[in-house]
Each structure stands twice: as structure tokens, then as C-alpha cells.
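Here is a friendly walk through one protein model. Take a look at the sequence and structure first, then read on.

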Amino acid sequence: MLSIGDEHDTLLIALDPRSQLPAALGVYRVPGEPVAVTAGVDLLQVGQLDVVEDAWGEFTAALAAAIGGRHLLPVVGTIASIAPGEITGLPGIQEFLMLRRIRDAATSGRWRRIVVDLSGVGDPYALLRAPVALSAAMERLWPRATRLAQAAEKPALAQLSAAIEGIDRDCQDLTDLFADPHAVAGHLVLDASERGRRAVADHVAIAELTAFPLRSVQVSAGEFGASTAAVADEVRGLLGDDDVVVAEVPSGGTLDRLSRLRRVPVQFAAPSGRPYGSGAMTVRRVSGEGVDSVFELAWRQGLPEPDRLQLGRSGDDLLVTVAGFRQPIRLPSVLRRCRVDGADWSGGRLSVRLRPDPTLWPARQGGTGAAPSSR
């Protein structure tokens with residue numbers, strides 16, 4: 001679960017089309033439209049396919065109008081011919097459109113707090129990573145440098161290029177929003193079972209890797225009142241961060257109606273403004289000068305299975321795999337002409353060493369070998 005904004009006039013968003021929230025809250029199921037639950041709380045159920053069909057239908061109509069029967073690029077015709085029902089096969093598009101719907105609600109000014117229920121999402125971190133995946137897919141299909149150059153040469157492509165550019169900006173906006181500790185507070189809810197205890201390390205490590213601004217971990221006793229102590233202690237031992245609250249939530253019995261939900265004593269911390277995990281990374285030069293420099297990129301990072309840590313590069317991104325989850329991390333500009341030289345993990349911090357690539361560094365610096373600006 002994650003919340004955006006201050007506590008007053010709340011919109012609860014359910015992303016699971018089969019969510020039981022409407023029944024539990026005593027309201028009708030109206031996908032795509034906010035429904036009043038109380039004077040201060042509304043419920044919005046986001047149907048994934050409905051969001052995809054509406055948004056992609058508008059986009060492909062714009063593409064078809066831009067093409068106007070002209071033969072432009074094979075990729076343009078391919079994109080325009082995809083039916084809304086087929087678009088779910090493109091990497092990240094379905095999740096991107098759902099996140100954009102959440103963003104639009106959050107910035108509408110109608111509600112002061114948005115609470116997103118991610119319990120019906122198979123992998124919430126993959127959902128939050130979707131804009132990065134979509135942006136990378138568009139870059140592979142039609143690289144930005146090529147796109148802008150072709151749009152400048154062929155006016156007919158300008159409208160299409162602008163539409164793709166708008167999607168790419170939305171991808172970056174969404175990525176920044178959901179990692180913004182000033183606007184977002186993430187809350188991890190775990191059940192007090194052995195399965196919940198085993199999942200703790202992976203969840204915390206992936207939150208750190210993705211810079212997801214985790215603010216609390218809620219260990220629930222569930223319907224049958226299981227003991228929460230073992231899981232809560234496991235969480236406290238892993239976090240090492242006083243900014244994240246660990247709470248044990250007693251059983252509320254069967255939560256099948258609003259009156260019972262209200263009696264569950266749950267408090268969610270507000271956004272702290274402190275960057276989390278890779279969002280708080282540091283960069284420093286540890287030795288050398290110019291092309292002989294060695295830089296260190298470091299942040300607090302849990303590694304449930306250190307042997308499974310993987311590092312790679314893709315353009316300006318450092319690809320980091322932790323607990324079987326791969327996340328692209330945009331490198332600061334000073335490191336984009338460097339290559340990975342190794343990594344260490346000590347004291348709960350991951351340190352990645354990078355050295356300038358001799359084939360790129362001098363060419364960008366006029367042959368001087370000086371360190372580039374980090375701005």
C-alpha cells in the first residue's frame with residue numbers, strides 16, 4: 001500500500017478487478033468512476049483492461065490520423081495497427097497506464113490523500129518499475145536521437161514523434177513521483193505467518209533497490225489472531241533505519257464490513273522527505289585523476305542472497321539484480337562514460353566501483369583526460 005499527500009479527504013484506489021473492497025465498504029462496484037463511501041472517503045476501482053483500451057484507443061487514433069495513409073516507418077504502422085485488446089503484450093504499457101490514472105487522480109486537486117491498494121497486484125515492485133520498462137522498449141523500437149532527427153527531416157513524423165515524446169516524459173514523471181519521499185509514503189503489509197517472515201528480506205531489499213520510500217511495515221495478526229512478534233522482530237533486524245516504523249496490528253476478526261474495518265487500530269506514517277535506498281546514493285572519486293580515476297557509487301542495500309547479486313550496463317543505466325529482481329538505476333552524468341569495475345557489500349551498503357572508459361572519456365573531453373562535470 002502507498003499513500004500520496006496529506007491526510008484529509010481520501011481516495012482509495014483498488015487495482016484488482018476482483019477486489020472485495022466494494023462489498024466490504026458497502027458500495028456498488030463502478031469500475032473507472034469514484035464512488036462515495038463516506039463524507040470524506042471515495043473508492044475508485046481501476047479496471048486494467050478498461051484503462052488500456054480507453055487510453056490506447058485514443059493514442060492509436062492519433063497515430064492513424066498522423067499517418068494519413070502515408071508510408072512512413074515500418075514501426076509506425078505496426079504500432080498504429082495494434083488493437084487495444086492486444087496492447088497488454090507490450091512490456092510495461094498496461095501498468096504504465098494504470099499508474100498514469102493514479103497520477104492523474106493525485107494531481108487533480110480533488111483529494112488530499114490517495115491510498116493505493118496493491119494487494120491485488122502480482123508483483124507491486126514490477127508495477128512501479130513499468131514506466132522504466134516501457135521507456136526502454138520505446139527506445140529500442142525507435143531510438144530518441146533517430147526519432148528527433150527523422151521528425152526534423154519529415155514534417156509528417158513530427159506529430160508522431162511528439163506523441164512518443166509525451167509518453168516518454170510521462171514515464172519519467174511517474175518514475176520520479178513514486179520514488180519521491182516528499183509525496184509518497186510506502187507501507188508494506190505482511191501476514192504473521194512463516195511465509196510472511198520468509199518474504200521480509202526480499203521485500204525490504206527490493207524497496208531499497210527501487211528507492212521506494214518505505215515508511216512502515218505493518219505485521220497483521222490476520223483473521224485468526226496469529227502471533228506477530230517473530231515477523232516484527234525479523235523486520236526490525238533487517239531495516240536498520242529508524243525512519244521506517246514497524247507496527248504489529250492485532251486481529252480485527254472477519255473484516256467484511258466498514259464498521260469492523262474502523263475498529264482496526266492502524267496508523268500510517270506520512271511522507272518523511274528522506275530519500276530511501278538507492279534514492280540516497282552517494283558518488284565520490286576514491287582515487288586517480290582523469291582516465292585513471294576510480295569512482296564509487298554506494299547506497300544502503302540489503303542482499304538476502306549475496307551470491308545472486310548481478311550488475312550490468314544498458315546505455316546510461318546501471319542494471320542491478322537483487323533477490324531475482326532487476327532494476328535499472330540511472331547513473332549520474334559523471335559516471336555515464338564509465339564501466340563497472342567491481343562491487344563490494346559491507347555493513348549493509350552496496351558499493352559499485354566504476355572506471356572511465358578510455359574510448360569515450362578523452363573524446364568527450366577534448367583529449368585532456370579531465371574529469372567531466374557532474375551537473
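## Ground rules

This is a predicted model, in which local features need pLDDT of at least 70 and side-chain atom pairs count only at pLDDT 80 or more, while totals for chains, interfaces and linings use all residues. Residues are numbered from 1 along each chain as its sequence is written, and side-chain values use heavy atoms, with hydrogens and water left out.

Let's start with strand β6 (residues 184-191). Helices (H or I, at least four residues) and strands (E, at least two) are DSSP runs, numbered from the N terminus. In β6, 6 of the 8 residues are buried, so the rest of the structure largely encloses this strand. Buried here means under 20% relative accessible area, exposed means over 50%, and partly exposed is in between (1.4 Å probe, protein chains only).

β6 pairs with strand β7 (residues 214-220) in the parallel sense, over 6 bridges; strands count as paired if DSSP finds at least two bridges between them. G186 sits opposite L214 in β7, and D191 has S220 as its bridge partner. β6, α8 and β7 form a right-handed β-α-β unit: with the strands pointing away from the viewer, the path from the first strand over the helix to the second runs clockwise.

β7 is mostly covered too, with 6 of its 7 residues buried. This strand also pairs with β8 (residues 245-249), again in the parallel sense, over 5 bridges. There, S220 stands opposite V249.

## The second largest pocket

A pocket, on a 1 Å grid over the protein atoms alone, is an open set of points where a 1.4 Å probe fits, with protein on both sides within 12 Å along at least five of seven lines; lining residues have an atom within 4 Å of a point. The second largest pocket has a volume of about 1200 Å³, that being the space filled by probe spheres set on the points. It has 38 lining residues, and V132, T175, D317, P328 and R330 are the closest to its centre.

Which helix gives the most to this lining? That's α5, with 11 residues. Other elements that supply at least two residues each include α8 (194-210) and β13 (325-330).

## A few single residues

C171 is buried, at a relative accessible area of 1%, and C338 is buried at 4%. S314, in strand β11 (residues 310-314), is partly exposed at 39%. S314 and A136 are 178 residues apart in sequence, yet 9.4 Å apart in space, C-alpha to C-alpha.
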